[in-house]
Amino acid sequence: MRFEFKKQEIEDLVISFIVLTLVFSRFNITIISYVALGIFTAFIFHEIAHRQVARKYGYYAIYRRWDTGILLALFLGILNKLLGLRFLFVAVGAVQVYSLYAGWEDREAYGKISLAGPVTNILVGVIAIALLTFGKPSGVVGVSLYYAAYINLLLAFFNLLPIPPLDGYKVLKWNTGYWAVAIGTAFLLQSLL
């Protein structure tokens, strides 16, 4: 399975990563480095998981930023900071999947491609929670692991909501059981934090 990146894809991932880090940190410079680890493991791993599973199925897949979403995320992030609100807008881009045959869609393949991102977030969240629980880290490591767990599980749950165009909608169309287990797991694990 190829793991190569186009120059534009790297640029789109980096811009999206920076915007999400700023928004999740609420533009607070004292926590940006902690949040950056969480965003890296949540956002970058999530999108690469979608991309690689799509490529495994023979599709062409590439991450593309959504400039309108980037502007909305920044605008609402600044508004949140100024007004003390807690609403996040995180739809800054997505992996676009292309088939050789226009209009043809394999529901199972698309379901698995859609599930790959949230499952990756759940796995990273579980690892971070386990390290927090059994390793008892303190200081920088403890705070970084907390943000990694929190952001990964939040994004997993959010992305599994059955609302188009989110992952949960596509997973639910493919397999209700897998969707229910995934969203239930993300919700349960998030409540542990």
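How far apart are the axes of helix H4 (residues 107–135) and helix H7 (residues 176–191), and at what angle do they cross? In this predicted model, the two axes come within 11 Å and cross at roughly 30°, and H4 passes H7 in a left-handed crossing. On the side of H4 the contact is made by Leu115, Ile122, Val126 and Ile129, while H7 contributes Tyr178, Ala182, Thr185, Ala186 and Leu189.

From H2 the contact draws on Thr41, Ala42, Phe45, His46, Ala49, His50, Val53 and Ala54, and from H4 on Lys112, Ile113, Ser114, Ala116, Gly117, Pro118, Thr120, Asn121 and Val124. The residues of the H2 contact with H4 divide into nine nonpolar, seven polar and one charged.

| Helix pair | Axis distance | Axis angle |
|---|---|---|
| H4 and H7 | within 11 Å | roughly 30° |

The C-alpha trace spans about 50 × 35 × 30 Å along its principal axes. The radius of gyration of the protein chain is 17 Å, which agrees with the value near 16 Å that a compact globule of 193 residues would have. Among contacts between residues at least 6 apart in sequence, 75% join residues at least 24 apart. Of the 193 residues, 43% count as buried, and the protein chain exposes about 10400 Å², of which carbon and sulfur atoms supply 69%.

Asn80 lies in helix H3 (residues 67–83), and it counts as buried because its relative accessibility is 4%, where buried means under 20%. Leaving aside neighbours within four places in sequence, Asn80 is in contact with Arg26, Leu85, Arg86, Phe87 and Leu88. Asn80 and Val23, although 57 residues apart in sequence, are 9.1 Å apart in space, C-alpha to C-alpha.

Note on methods: Residues numbered from 1 in each chain as written. Predicted model: local features only at pLDDT ≥ 70, side-chain atom pairs only at ≥ 80, totals over all residues. Heavy atoms only, no water. Axes fitted to C-alpha atoms, helices over the stretch in contact; angles between N-to-C directions. Helix = DSSP H or I, 4+ residues; strand = E, 2+ residues; numbered from the N terminus. Left-handed = near helix turned anticlockwise from the far one by under 90°. Contact = heavy atoms within 4.5 Å. Rg over C-alpha atoms; globule rule 2.2 N^0.38 Å. Buried < 20%, exposed > 50% of the residue type's maximum accessible area, 1.4 Å probe, protein only. Areas by Shrake-Rupley, 256 points an atom, 1.4 Å probe, with all protein chains shown as cover. Nonpolar A, V, L, I, M, F, W, Y, C, P; charged D, E, K, R; others polar.
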